[in-house]
Amino acid sequence: MIPEGGFFAMLMNATFGVQMVMMFLVAMSLWSWTIIFHKLILYNRTKRQVSKGYALFNDAADLSEGLQVVSRDEGSPLAKVGLLAVGEFRKLEKADIERDRKRMLVKDTLRRVLRQGVSEEMRRLGSSLSFLATCANAAPFIGLFGTVWGIMHSFHSIGLSQSAALATVAPGISEALIATAIGLVVAIPATIAYNYLNAMLSEVETELVNFAGAFLNRVEREVSWASGAGSRNQ
């Protein structure tokens, strides 16, 4: 039995409109927590991958070895960005263009490709975060809508009973206010998680940008036709 006047009793006795709002908020909360746990696991793993990969790339003897080391971890964003850049680099290397023209194009071309690769990885990693932002911003107002709906019903009941006694008004209003409380319970964790996950994502982006810069520097130092050196090292 549900205790009279208890929390669950108020939920069960709320109007249909308020109950629908509560169900919607609960669904939002379940989905937001699913995203939070998934992203926490994903971002922690990705941070380890990019930090380790960037360190190994810098420690490698040359560009070729660095790319081999990075590409061993196929799931790493560094591997995806590096392979994308290498593919474009090879296309430019084989293109039927004068060497001086290639030398002029290679830096800007690689910079665009690396930027594209980093942006694509950030877009992939950042997917679903917008839902947390939506929960953080919309959940309190959805809960408030349920509260307003419940209070309107309470006032309608007052009119029908022709009594404004506290015993008549309080139950309906307390049931309605639960919707606002649930809205806040949904919004607060979503807000905290959104900010925390965004900070983690920024750290990943920083490592990817650093890798892109290191990749460009190595191309300029080690590839003869790209740097204008007399002999080619790769």
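Visitor: Why is Phe-211 called buried?
Guide: Phe-211 has 0% relative accessibility. Buried means under 20%. So Phe-211 counts as buried. This is a predicted model.

Visitor: What makes Phe-57 and Phe-211 an aromatic pair, and of which kind?
Guide: Ring centres must lie within 6.5 Å. Those of Phe-57 and Phe-211 are 5.0 Å apart. Planes over 60 degrees apart count as edge-to-face. Here the angle is 70°, and the pair is edge-to-face.

Visitor: What does the pair tie together?
Guide: Phe-57 lies in helix α2 and Phe-211 in helix α7. The pair therefore ties together parts that are 154 residues apart in sequence.

Visitor: What makes the pair of Phe-211 and Phe-215 tilted?
Guide: The planes of Phe-211 and Phe-215 are 50° apart. Stacked needs under 30 degrees and edge-to-face needs over 60, so the rest are tilted. The centres of this pair are 6.3 Å apart, and the limit is 6.5 Å.

Visitor: How are Phe-211 and Phe-215 placed in helix α7?
Guide: They are 4 residues apart, so about one helical turn separates them. Phe-215 is buried, as is Phe-211. Phe-57, Phe-211 and Phe-215 form one aromatic cluster. The whole structure holds 3 aromatic pairs.

Visitor: Which residues have the most contacts inside the largest nonpolar core?
Guide: They are Tyr-43, Phe-57, Leu-110, Leu-208 and Phe-215. This core has 37 residues. Elements giving two or more residues to the core are α2, α3, α4, α5, α6 and α7. Helix α7 gives the most, with 12 residues.

Visitor: Why might such residues gather?
Guide: In soluble globular proteins, nonpolar side chains tend to be buried together.

Visitor: Which residues does Leu-208 touch?
Guide: Leaving out residues up to four places away in sequence, Leu-208 touches Val-50, Pro-77, Leu-78, Val-81, Val-118, Glu-121 and Met-122. Another core, of 14 residues, lies apart from the largest one. Met-22, Ala-136, Ile-182 and Ala-190 are among its members.

Visitor: Why is Met-152 called exposed?
Guide: Exposed means over 50% relative accessible area. Met-152 is at 54%, so Met-152 counts as exposed. Met-152 is found in helix α6. With Phe-141, Leu-144 and Val-148, Met-152 forms a nonpolar patch on the surface. Together the four have about 420 Å² of accessible area.

Visitor: Why is Thr-191 called partly exposed?
Guide: Buried is under 20% and exposed is over 50%, with partly exposed in between. Thr-191 has 33%, so Thr-191 is partly exposed. Thr-191 lies in helix α7. Thr-191 and Ala-133 are 58 residues apart in sequence, with 6.7 Å between their C-alpha atoms.

Visitor: What is the phi value of Ser-128?
Guide: Phi of Ser-128 is near 80°, a positive value in a residue other than glycine. Ser-128 sits in the loop between α5 and α6. Ser-128 has 36% relative accessibility, so Ser-128 counts as partly exposed.

Visitor: How many helices and strands does the chain have?
Guide: The chain has 8 helices and 0 strands. Of its 234 residues, 40% count as buried. The chain exposes about 13400 Å², and carbon and sulfur atoms supply 61% of that area.

Notes:
Residues numbered from 1 in each chain as written. Heavy atoms only, no water. Patch = residues over 30% accessible without salt bridge, like charges linked within 9 Å, V, L, I, M, F, W, Y side chains within 5 Å. Areas by Shrake-Rupley, 256 points an atom, 1.4 Å probe, with all protein chains shown as cover. Salt bridge = Lys/Arg side-chain N within 4 Å of Asp/Glu carboxyl O. Buried < 20%, exposed > 50% of the residue type's maximum accessible area, 1.4 Å probe, protein only. Core = buried A, V, L, I, M, F, W, Y, C linked by side-chain atoms within 4.5 Å. Contact = heavy atoms within 4.5 Å. Phe/Tyr/Trp six-rings, centres within 6.5 Å; stacked < 30°, edge-to-face > 60°.
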